Amino acid sequence: MSSPATIRRLNVIALFQSFAEERITAGDPPKGLEAAWAARIGVSGATWSMAKSGARPLGDRLARQIEHLCGKEAGWLDEAREPAGLTPAEQQFLALALKTYRGTNSDGRKKLRQWLKEFGAA
């Protein structure tokens, strides 16, 4: 089970992804979307960067501010959700991982699995 801080972080990242997809679809360049999102939710770029990375947890006040500015009901960020689907970057990563896994022998697959476990634990 995820911690409340992790749930909030995942939900705010999902809001950002939705915002970014909308802006790119509208013709905006990807460069500058992080700053535009930070402005949209009323925080500095540094605050958004720390919140996104998990270096700064989203407190109650900031969570309610983001919900309000994004048209979500109070507490929306606190609710665990199923992922909406894979992002293009996740799809590319999985395709590469699958290609690598299939393109190696049993020993290579074991090493790949071990490396992923170690990397995930770090």
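## Working through the helices and rings

Leaving aside residues up to four places away in sequence, Thr-47 is in touch with Arg-56 and Leu-62 (contact: heavy atoms within 4.5 Å). This is a predicted model, in which local features need pLDDT of at least 70 and side-chain atom pairs count only at pLDDT 80 or more, while totals for chains, interfaces and linings use all residues. Residues are numbered from 1 along each chain as its sequence is written, and side-chain values use heavy atoms, with hydrogens and water left out.

**Exercise 1.** Find which residues of helix α2 are buried, and work out how they are arranged around the axis.

*Solution.* Helix α2 covers residues 33-40, and its buried residues are Leu-33, Trp-37 and Ala-38. Looking down the axis, these fall within an arc of 140°, so they line one face of the helix (the arc is taken over directions from the helix axis to the C-beta atoms). A handy reminder: an α-helix has 3.6 residues a turn, so residues three or four places apart point the same way. Now turn to the other side of α2, where Ala-35 and Ala-39 are exposed. Finally, ask what covers the buried residues: the cover includes α1 (4-25) and α3 (45-53). After α2 comes Gly-42, with a positive phi near 75°.

**Exercise 2.** Compare the span of α1 with the expected one, then list what its buried residues pack against.

*Solution.* The 22 residues of α1 reach 32 Å from first C-alpha to last, close to the expected 32 Å (1.5 Å times one less than the number of residues). Its buried residues include Ile-7, Arg-8, Asn-11, Phe-16 and Phe-19. The buried residues of α1 pack against α2, α3 and α4 (60-69). Gly-27 follows α1, and its phi is positive too, near 105°.

**Exercise 3.** Count the aromatic pairs and classify the two that involve Trp-37 with Phe-16 and with Phe-19.

*Solution.* First, the rule: rings of Phe, Tyr and Trp (its six-membered ring) pair if their centres lie within 6.5 Å; planes under 30 degrees apart are stacked, over 60 edge-to-face, and the rest tilted. By this rule there are five aromatic pairs. For Phe-16 and Trp-37, the centres are 6.0 Å apart and the planes at 65°, so the pair is edge-to-face. Phe-16 is in helix α1 and Trp-37 in helix α2, so this pair ties together parts 21 residues apart in sequence. Both Phe-16 and Trp-37 are buried. For Phe-19 and Trp-37, the values are 5.2 Å centre to centre and 50° between the planes, a tilted pair. Last, zoom out: ring pairs link Phe-16, Phe-19, Trp-37 and Trp-48 into a cluster.

Key: Buried < 20%, exposed > 50% of the residue type's maximum accessible area, 1.4 Å probe, protein only. Helix = DSSP H or I, 4+ residues; strand = E, 2+ residues; numbered from the N terminus.
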